[in-house]
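Hello,

Here is the structure you were expecting, with my notes below it. Please open it alongside the text.

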Amino acid sequence: MRSSATVYAVANQKGGVAKTTTVLSVAAALAERGQAVLVVDLDPQADLTFSLGYDPDSIDPTVHDVLVGRAPLQKTILQHDEMDIAPANIDLAGAEVVLLTRTGREYALRYELEPLADSYDAILIDCPPSLGVLTLNALTAADRVLIPVQCETLSHRGVSQLLETIVDIQRLTNRELEIAGFVATMFDGRTRHSRAVLADVQSRYDLRLVGVPVRKSVRFAEAPHDGRSILAAGSQPRGADAYRVIAAELAGIEVEPAWRQHAGEALR
Ligand SMILES: Nc1ncnc2c1ncn2[C@@H]1O[C@H](COP(=O)(O)OP(=O)(O)OP(=O)(O)O)[C@@H](O)[C@H]1O
Ligand SMILES: [Mg+2]
């Protein structure tokens, strides 16, 4: 029998650090392992929805309808080959405003996810690049938060503000929330600089690196146009194996040494 799903919020208020890419790739890697996976698009930009091949503007109902109390989450779910998705579109920008007027506004998503927890092994929530009410909903609904950090100078500014928000959430709305660690994204093994950022984030914020760094690869930019994850695409860049290692580590599964080696060559 399946036990209750582990819910992950993938969050960083900085834009373009690979939150959506991480949600998609980790979800695909867990699904490859036979896990039942749901991804929730909690960003009005709807990049996750688009990346799985859907036209956000023609979807109804969406997560927006869920958060404003018009539809149960179950009714929004679409079944993609690789995973299930609760989709979003630009309407979600309006949900922020509606939620701000509500009591218990941080709990709206948590309440909707609870009845689905027994149907999945893992649920991953893609957060928008802000610390607004949508991200607070994700952190309140999650068991674990995963923080993508881009391996570039100054890109980790803002991590301390995110960590302060997480402490507030642990105090106020979700005592059980734990930090799974950070995912090092767009790593360039040729530069000292990428390594320096990696070491800095680990020491300065006392954050654990999950798996191995994900190398920079143009394939990631191409994948969304296929409507599937980079793991399901024909060619297999090292970044795909890095996400396999990350997902296995999150799920507590032993990682095949060959994968770790393939993915981890980035570090040499
Ligand atoms: N390892 C990588 N190598 C090269 N490009 C990458 C990598 N990971 C992600 N990208 C690209 O970087 C861009 C930003 O990634 P993504 O959309 O996942 O970030 P995000 O944090 O979700 O952005 P936003 O804050 O806007 O939601 C995308 O074009 C994506 O394809
Ligand atoms: Mg995104």
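**Ligand 1 and its surroundings**

A polar side-chain atom of Thr21 lies 2.6 Å from an oxygen atom of ligand 1. Please keep in mind that this is a predicted model. Thr20 also takes part: an N or O atom in its side chain is 2.8 Å from an oxygen atom of the ligand. Ser217 uses its backbone instead. One of its backbone N or O atoms lies 2.9 Å from a nitrogen atom of ligand 1. On its own, ligand 1 has 630 Å² of accessible area, and the protein covers 81% of that.

Which residues are closest to ligand 1? They are Lys19, Thr20, Thr21, Arg215 and Ser217, out of 18 residues that surround it. As for location, ligand 1 sits in the largest pocket.

**Nonpolar cores**

In soluble globular proteins, nonpolar side chains tend to be buried together. Here, the largest nonpolar core has 52 residues. Val40, Leu67, Leu113, Ile125, Ile147 and Phe182 touch the most other members.

Take Ile125 as an example. Neighbours within four places in sequence are left aside here.

Best wishes

Methods: Residues numbered from 1 in each chain as written. Chains lettered and ligands numbered in written order. Predicted model: local features only at pLDDT ≥ 70, side-chain atom pairs only at ≥ 80, totals over all residues. Heavy atoms only, no water. Core = buried A, V, L, I, M, F, W, Y, C linked by side-chain atoms within 4.5 Å. Buried < 20%, exposed > 50% of the residue type's maximum accessible area, 1.4 Å probe, protein only. Contact = heavy atoms within 4.5 Å. Near = heavy atom within 4 Å. Polar contact = N/O pair within 3.5 Å; in protein donor to acceptor, adjacent residues only side chain to side chain. Areas by Shrake-Rupley, 256 points an atom, 1.4 Å probe, with all protein chains shown as cover. 1 Å grid on protein atoms, 1.4 Å probe; cavity = no way out; pocket = protein on both sides within 12 Å on 5 of 7 lines; lining within 4 Å. Sits in = over half its atoms within 2 Å of the grid points.
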